[in-house]
Amino acid sequence: MRGIAAAPGIASGPAFVYRVGHEAPPVRVLASKETVESECVRLDAALAAVREELLRFKKKSPGSVGSALAKIFDAQVMIVDDPSIRAQVKDAIGAKRLAAESAFARVVGDAQKAIERSPDPYLREMANDIEAVKTRVINQLMGHGADSEHHLSLPSIVLANTITPADIMSLQKGLVLGVVTQTGGQISHVALLAKSLGIPAVAGLGVDLRTVRPSTRLVIDGFSGAVILNPGSDTIEFFERKRRRTHSPWPKKLEALRDLPAVTVDRHKVSILANIDLAGETELAVAAGAAGVGLYRTEYLFLQQGEYPSEAKQVEVYRRAITTLAGRPLVVRSFDLGSDKAAPNAAPEANPALGVRGLRLSLEKPAILRAQFRALLAVSTLGPVWVMVPMIASVEEFEVARSIWNQAKADLRRKKIPFDSKAKFGLMIETPAAVRMAYELAQRADFFSVGTNDLVQYTTAVDRGNQRLQSLQHHWHPALWRQLDDIVKAGHRGEIPVGICGEMSGDPLAVLPLVGLGFDSLSFHPNSIPRIKALLRSVSFADCRKLAASVVASATSGQVRKLVKTFYARAARKLKP
Amino acid sequence: MPARADRSLSKTSLAAATVIEKNVTVINPLGVHARPSAMIVQTASKFRAEIWLIKDGNEVNAKSMLGVMTLAAEMGSVVTVRADGSDEDKAVDAIVRVFEMRFGER
């Protein structure tokens, strides 16, 4: 099964199915010997217990996740403390002799429904905070001891249809090997928490995970989003090898590669860059031997703060990143937020993948984009900063983005803040429309970076989250390879560099034909860099070109796979493990 | 929601017969999400007056976290702040200021 890679790493172990709290409590009235007073006392005690629980979680939050989690817990505590809720619940207990859990569920449930009707996806997410508090209070009242249902006794992979950071933290630390969720996108609070805990996470699997039998063995790959139930021994071994490769410190041989260039045997150079989510990961990128950062996903800044970060905060963060890179390029993607990324569990737009996301959201709030551009330009004097905008589907969209970039430059000139006027401004090619307009876009942009994750979805009309389309969720479609070929040709004709930063650029099988197509740079997770560099240094560009040509000429994915696997097997044989 | 009940309570109380109202527009890009809601509630709770927020005909108690969250006021929406009590002027001003300062966000 394939979901969205949300936090890197490989884990294997038994499944632990996390059920969200409770079924809605049946409406219960007080028995004759239960008094309204004692029920109100019970309510107060439950609220006090939940309050303590939330404050404990807040204290336990890993520091690296930033203040966003703390703010979430603070908001939840305020819901617990809400005098109006308390009053209404007590009224309901008194007037209708309702049990506290029934009264609480009703009072709070109405508010939840009202919030879920809001047209704003970020505001809809508040319903999750209410749900989190509701669940905990009701569990307390119904005697489902805080963590009794959620007690891990052995290291397990947690499966949930939806889960919150508080839920993860309520589980035994050290026993959570990884997290898999039915809902959710690539960038969410859960993903952020998983990354800071160093465990893999896969989101948006699309399958009702409650149907998985407890203790089923599974393997999850947080790099690719793969989830395999009941893996056979071959699969287990494959992933164990991958885990060792990607988790452990570089074997001595690969460490020597760090400072060696990524050149083929016939001296064709490729830039191997790293994908990062947090400024702090630049250190990891440099340690892995990356020639720079090919994709800096800035949405995490937003998540860490819990709000759009101020311009001053952004300058601080970007300055840190560019300084650590010590002259290596930093390619930054402007905030790519949308209904699926900002509010993973909220009711989405009818079709969020085709909705207001990425640049379209930024263009609804241009001041935010302009501020981000100013912050990036402000640090451009410290090193090569390349800025790209996501989700472009027309020349006009790119022109609007570029005019905002120019406005940002004018703002800095007015304030007499120096910047590099040659800082590169480009775009991500991730829609079929952008592929068709690549020639015109190349005339206007300073560079391209191909986002294959989304491009393949839009091109083959396959929803990544749809479990019934598992067999179509791969990157071996000849249609995709022909598009890649067109993009590189258009970019080079416009004399601009063309890079690729989707998941597939870190797939060793895909790397060689990608190089053969002429991509100037590949960007992927730092942990995979040494391995891919070693691979590149053992092949010839001439052979990669031939491979690329036959891939593009193929008619079926099956043919593409066969070509690629055969070539890779030959190349890999030359590599020492 | 609590607002209606609270209003009738105050009408029968000895509070002054005046009521102060001011309109304010939500200017921060993310709207009144959890953190701004918390700020509003914390500010409102300091005053003795009964305070309500009204948007599109919906009225909520400004001292109730759940109430303020239910408003779900997105950027651009207009909210009426109404207060009734001995410190009603200060209350309305303080809350309006919280909105105008974009709840401390950029």
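## Burial and overall content

A residue counts as buried if 20 or more other C-beta atoms, placed from the backbone, lie within 10 Å of its own C-beta atom. By this criterion, 51% of the 577 residues of chain A are buried. The structure is a predicted model, in which local features need pLDDT of at least 70 and side-chain atom pairs count only at pLDDT 80 or more, while totals for chains, interfaces and linings use all residues. Residues are numbered from 1 along each chain as its sequence is written, and chains are lettered from A and ligands numbered from 1 in the order in which they are written.

Chain A contains 25 helices and 15 strands, taken as DSSP runs numbered from the N terminus (helices: H or I, at least four residues; strands: E, at least two). Of the contacts in chain A between residues at least 6 apart in sequence, 70% join residues at least 24 apart; a contact requires C-beta atoms, placed from the backbone, within 7 Å.

Strand 2 (residues 10-18) of chain A pairs with strand 6 (residues 217-221) in the antiparallel sense over 5 bridges, and Gly13(A) stands opposite Leu218(A). Strand 2 of chain A also runs parallel to strand 3 (residues 156-160), to which 4 bridges join it. Here Ala15(A) stands opposite Ile157(A), and Tyr18(A) has Ala160(A) as its bridge partner.

## Packing of helices 20 and 21

In chain A, helix 20 (residues 452-460) packs against helix 21 (residues 478-493) at an angle of about 120 degrees, with axes 10 Å apart. Axes are lines fitted to C-alpha atoms over the stretch in contact, and angles run from 0 to 180 degrees between N-to-C directions.

Leu455(A), Val456(A), Thr459(A) and Thr460(A) of helix 20 meet Ala479(A), Leu480(A) and Gln483(A) of helix 21. This contact has 4 nonpolar, 3 polar and no charged residues, where Ala, Val, Leu, Ile, Met, Phe, Trp, Tyr, Cys and Pro count as nonpolar, Asp, Glu, Lys and Arg as charged, and the others, Gly among them, as polar.

## Contact with chain B

In chain A, 28 residues are in contact with 21 residues of chain B. The side of chain A that touches chain B comprises 15 nonpolar, 5 polar and 8 charged residues.

Methods: Two residues are in contact if their C-beta atoms, placed from the backbone, lie within 7 Å. Two strands pair if DSSP finds at least two bridges between them. A residue is buried if 20 or more other C-beta atoms lie within 10 Å of its own, exposed if 12 or fewer, and partly exposed in between; C-beta atoms are placed from the backbone.
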